[in-house]
Amino acid sequence: MQGSFVWADLATFRQEVAETFYAHVLGWGFADGMAHAGGAPVAAIFTMPETFQKIGMPSFWMSYIAVESAAQVADAATALGAKVEVGPEPYGDGQIALIRDPLGAGFTVYEGPALAGVSEGPGARVGHALFISDASRITGFYEELFGWSFGPFVEGVSRVSLNGQLLFHCHEIPDPAIRGREEFWAVLFAPGPAPPDLEAMGGQRVVDVTLPEGPATLCRDPDGAAFFLMGTHVPQRSLPWKAWAGLALVAVSSLSGQVWPWLIFLCVWVAEGLRARETWLLERITRAGQPVTYWSILGLYGVLFVLVAVLVAS
């Protein structure tokens, strides 16, 4: 049915790492880049095309929406103030087009044979959600493009329906410190068969929230792609030993006047930044999204490491 959600996929930098992560976190099995939960196809994972990497696209989950004609919807979206990033182009036995709405949230329209829709059970893709800064700027766009209806739910959250059936919720969050820097479509997954240890697999537990669909945890995978894990909130590790080790090193440096502990910090910051393809300097900086800033920060850490090493040696 036109305007309904039919698929999701992940564009990532390290496909094998991503597959290992989601196999652990969601209990997925894989065959030819296709993820399965309970024997049913649930999503796809593929290596991000080089053209996307060159323009600084971060790793991301993409929501797919069924349409009767990808070309017609792409033309209509452009006329309504959106930007067509990719396509229309062939996709299996159908056609797709990647579109960014007037605020920049990206989605893909799909024309072709029926896909998996949403599913049930452990690790299933159970829904989608839109997180934007100003609902008034995109409501008319989606109503015109897909025939969706936006109705109030609670303050800042709208129920979005098609032909009277609830499709998803739209969250208006003006503050980027809460929403994040991007306007984005999110994919919601049911928890896997076993409690996940996100950090052990290179992921990140960002924040616990309560969505209209229920309690959820906003997570990031090893390459930074965000998704929601539904059900109970993901537990934190009972003992964040890395943080405690860091505090101990700071205490040693402060009490003894020694600077050598900072060699360990700088080494870890560079190594972790290279591993995770992101670093921090008052804010999160990704290699894909801000490559010049990313390499400048890691280069600064490297220079400081050399200077501190020389100071220690003297």
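## Aromatic pairs

The predicted model holds 29 aromatic pairs, counted where ring centres of Phe, Tyr and Trp (its six-membered ring) lie within 6.5 Å; planes under 30 degrees apart are stacked, those over 60 edge-to-face and the rest tilted. One of them joins phenylalanine 5 and phenylalanine 168, edge-to-face, with 5.6 Å centre to centre and 90° between the planes. Because phenylalanine 5 belongs to strand S1 (residues 5–12) and phenylalanine 168 to strand S12 (residues 165–172), this pair ties together parts 163 residues apart in sequence. Helices (H or I, at least four residues) and strands (E, at least two) are DSSP runs, numbered from the N terminus. Phenylalanine 5 is buried, at 9% relative accessible area, and phenylalanine 168 is buried at 1%; buried means under 20% relative accessible area, exposed over 50%, and partly exposed in between, with a 1.4 Å probe and protein chains only.

Tyrosine 22 and tryptophan 61 form another edge-to-face pair, 5.6 Å centre to centre with 90° between the planes. This pair links distant parts of the chain, with tyrosine 22 in helix H1 (residues 15–26) and tryptophan 61 in strand S5 (residues 60–66), 39 residues apart. Tyrosine 22 is buried, with a relative accessible area of 0%, and tryptophan 61 is buried at 5%.

## Basis of the values

Residues are numbered from 1 along each chain as its sequence is written. In this predicted model, local features need pLDDT of at least 70 and side-chain atom pairs count only at pLDDT 80 or more, while totals for chains, interfaces and linings use all residues; side-chain values use heavy atoms, with hydrogens and water left out.

## Nonpolar cores

A nonpolar core is a set of buried Ala, Val, Leu, Ile, Met, Phe, Trp, Tyr and Cys residues joined through side-chain atoms within 4.5 Å. The largest has 29 residues, and those with the most contacts inside it include Phe107, Tyr142, Phe146, Trp148 and Trp185. Among the elements giving two or more residues to this core are helix H3 (70–79), strand S7 (94–100), strand S8 (106–111) and helix H4 (139–146). Apart from it lies another core of 21 residues, including Phe21, Val25, Trp61 and Phe227.

One aromatic cluster is made up of Phe5, Phe107, Phe141, Tyr142, Phe146, Trp148, Phe168 and Trp185. Leaving out residues up to four places away in sequence, tyrosine 142 is in contact (heavy atoms within 4.5 Å) with residues including Phe107, Leu130, Trp148 and Trp185.

## The sheet and its helices

An open sheet of eight strands runs in the order S2-S3-S4-S1-S5-S8-S7-S6, with mixed pairing; two strands pair if DSSP finds at least two bridges between them. Strand S2 (29–31) and strand S6 (83–91) are the edge strands, each pairing on one side only. From one strand to the next the twist averages 30°.

S7 and S8 pair in the antiparallel sense over six bridges. Phenylalanine 107 in S8 is the bridge partner of isoleucine 99. H3 lies across S6, S7 and S8, at about 15° to S7, whereas H4 lies across S5 and S8, at about 5° to S8. Axes are lines fitted to C-alpha atoms, for helices over the stretch in contact, and angles run from 0 to 180 degrees between N-to-C directions.
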